[in-house]
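Visitor: I am new to this structure. Could you show me how to read it, one feature at a time?

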Amino acid sequence: MLVMAIPAFLRGPTDPTVTGPHVITSWKLGPLTINLTETVVLEWIVVAFILGLAFFLTRNLRVRGVSKRQAVAEMAVEAITNLVRDTMGRRWLWFTPYIAAVFCFSIFGSLISLFGVRAVTSDFSVLLSWAAVTFLVITWTKIRYGGIGGYLKGFADPMPVMLPINILSEVATPAAMALRHFGNIAGGGIIMMLVYYGLANASHMIGLDIAIFDVGIPAVLSLYFDLFSDFMQAFIFIMLTMVFVSNAGPAEEEASAS
Amino acid sequence: MGIISASVWAADLNLPFLSIDTGTILFTLINLAILVFGLKHFLFKPVNDILAQRQTAVDKSLTEAEQAKAEAEATKAEYAEKLTAAKEESAEMLRKATRRAQERSDEIVAAAKAEAAAVMQQNEAELEREKRRAASELRAEVSGLAVMVAEKVVEREINPADHARLIDEFIDSVGDVQ
């Protein structure tokens, strides 16, 4: 069994299949089926890792004689706080932890694919959840600053015939965000899978039973599809969230804030 | 049978590649909430607290430094003032001392001069007296001597009138000498 398993592993991927996340277990909750998928378990790992990192970085904080760990923690907090302040304005500073959470969740959720598992962010439901939160905050902001009447009237702007288009554009915002992120990460994952598959086949074609081409060569592409793309998508996602949410409120604000 | 049925093991089941799954959405939202509050509690709160503390400390030391600087300037001004006053005072003292010394030396010189003058005067008076006494003694002696010399020279009696006249003439001429 073991003797067979090792050559199978060394032969490289032979049957690339594109599927969604594996369902580990599921419950029937009335009419609903609640699935516990691979994605959710990986999310737990990611969340535990991020919180563990945050916990680790903020041990023994001092006002003076800052340790390297503390410097990293302070830099991270200040960087994300400045980003939120510059993009959204001072009155949205309370929103910083959410932005930081989505950013970390996205980055580490994508990077976890480096360990050979599915990226958390290659599951559309995950991105849809985050985008839904963005959508809710946008709607809440519009109602908060414009009143429920102003919010509803906004759909008939500039004229009532625009109503369907306005509704569509309202829904398109989170849908586009979710699809963009999902498409980039999941697509990158598929490309990498195909690259591994193709290089394994190439190895077999020149008569090697071991997928020797899979060593090293895909790493070059991985730099883009796994590292750069993961970072970019996380950044784009939080930037879009910040821009859409802060645009939902009145444009000016420096006057009231300062 | 409850609302939640027994867990179904679905080892071979994979969701479609592009799927919207209620369970995943639910769990993701819960995880996101946990992450948001976790980060807020474990990262943002402690770090922001420390940053605020540092800001307070920096503000405090800046204020203290400003105070210290103001104090130092005040002290410096005070010292400069004191120094000027002290210089003036010392110059004044020096002037006074010089004047007093001058006065004193003038006094001393004047006293010395007066004393010297008194001594001179006394000496002169004494000298005068001595001279007179010597002169009168000399006169007496000379007159005796003159008579004796005259007697010896003339060896003769001259008339008393000539005698007296000669003596007087001689005494006068001797007296003129002095």
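**Reading the two chains**

Guide: Begin with burial. Chain A has 258 residues, and 34% of them count as buried. Keep in mind that this is a predicted model.

Visitor: What share of the residues in chain B is buried?

Guide: Chain B has 178 residues, and buried ones make up 8%.

Visitor: How many helices and strands are there in chain A?

Guide: Chain A has eight helices and two strands. Along the sequence, the pattern of chain A reads α-β-β-α-α-α-α-α-α-α.

Visitor: Which pattern does chain B follow?

Guide: Chain B reads β-α-α. That is two helices and one strand.

Visitor: How do I judge the overall shape of chain A?

Guide: Set its radius of gyration beside that of a compact globule. For 258 residues, such a globule would come near 18 Å, but chain A has 23 Å. Then look at the extents. The C-alpha trace of chain A spans about 70 × 60 × 40 Å along its principal axes.

Visitor: What do the contacts in chain A say about sequence distance?

Guide: Take the contacts between residues at least 6 apart in sequence. In chain A, 66% of these join residues at least 24 apart.

**Where helices cross**

Visitor: How do I read a pair of helices?

Guide: Ask for distance, angle, handedness and contacts.

Visitor: Which residues of helix 5 and helix 7 of chain A meet?

Guide: Helix 5 of chain A brings A:T134, A:V137, A:I138, A:T141 and A:K142. Helix 7 of chain A brings A:T241, A:F244, A:V245 and A:A248. By class, this contact has five nonpolar residues, three polar and one charged.

Visitor: At what angle do helix 3 and helix 7 of chain A cross?

Guide: Roughly 40°. Here helix 3 covers residues 68-88 and helix 7 covers residues 217-248, and the axes come within 9 Å. Helix 3 and helix 7 of chain A are therefore oblique to each other. This crossing, too, is right-handed.

Visitor: Which residues of helix 3 and helix 7 of chain A meet?

Guide: On helix 3 of chain A, look for A:V84, A:T87 and A:M88. On helix 7 of chain A, look for A:M239, A:M242, A:V243, A:V245 and A:S246. The contact has six nonpolar and two polar residues, with no charged ones.

Visitor: Where does helix 4 of chain A come in?

Guide: It crosses helix 3. Helix 4 covers residues 96-111 of chain A, and its axis comes within 10 Å of that of helix 3, at roughly 115°. The crossing of helix 3 and helix 4 of chain A is right-handed. A:I80, A:T81 and A:V84 of helix 3 meet A:T96, A:I99, A:A100 and A:F103 of helix 4. Five of these residues are nonpolar, two are polar and none is charged.

**Between the chains**

Visitor: How many residues of chain A and chain B are in contact?

Guide: 43 residues of chain B are in contact with 46 residues of chain A. Now ask which elements take part. In chain B, strand 1 (8-9) and helix 1 (22-154) each supply at least two residues. Helix 1 of chain B gives the most, with 27 residues. The side of chain B that touches chain A divides into 28 nonpolar, 12 polar and three charged residues.

**Single residues**

Visitor: Is B:N48 buried, exposed or in between, and why?

Guide: Count the neighbours. B:N48 has 16 other C-beta atoms within 10 Å, so it is partly exposed. B:N48 is found in helix 1 of chain B.

Visitor: What should I look for in phi?

Guide: Most residues other than glycine have a negative phi. A:N60 has a positive phi, near 50°. A:N60 is found in the loop between helix 2 (38-57) and helix 3 of chain A. It counts as exposed, because it has 7 C-beta neighbours inside 10 Å.

Terms used:
Residues numbered from 1 in each chain as written. Chains lettered and ligands numbered in written order. Predicted model: local features only at pLDDT ≥ 70, side-chain atom pairs only at ≥ 80, totals over all residues. Axes fitted to C-alpha atoms, helices over the stretch in contact; angles between N-to-C directions. Helix = DSSP H or I, 4+ residues; strand = E, 2+ residues; numbered from the N terminus. Parallel < 35°, antiparallel > 145°, perpendicular 65-115°, else oblique. Left-handed = near helix turned anticlockwise from the far one by under 90°. Contact = placed C-beta atoms within 7 Å. Nonpolar A, V, L, I, M, F, W, Y, C, P; charged D, E, K, R; others polar. Rg over C-alpha atoms; globule rule 2.2 N^0.38 Å. Buried ≥ 20, exposed ≤ 12 C-beta atoms within 10 Å, placed from the backbone.
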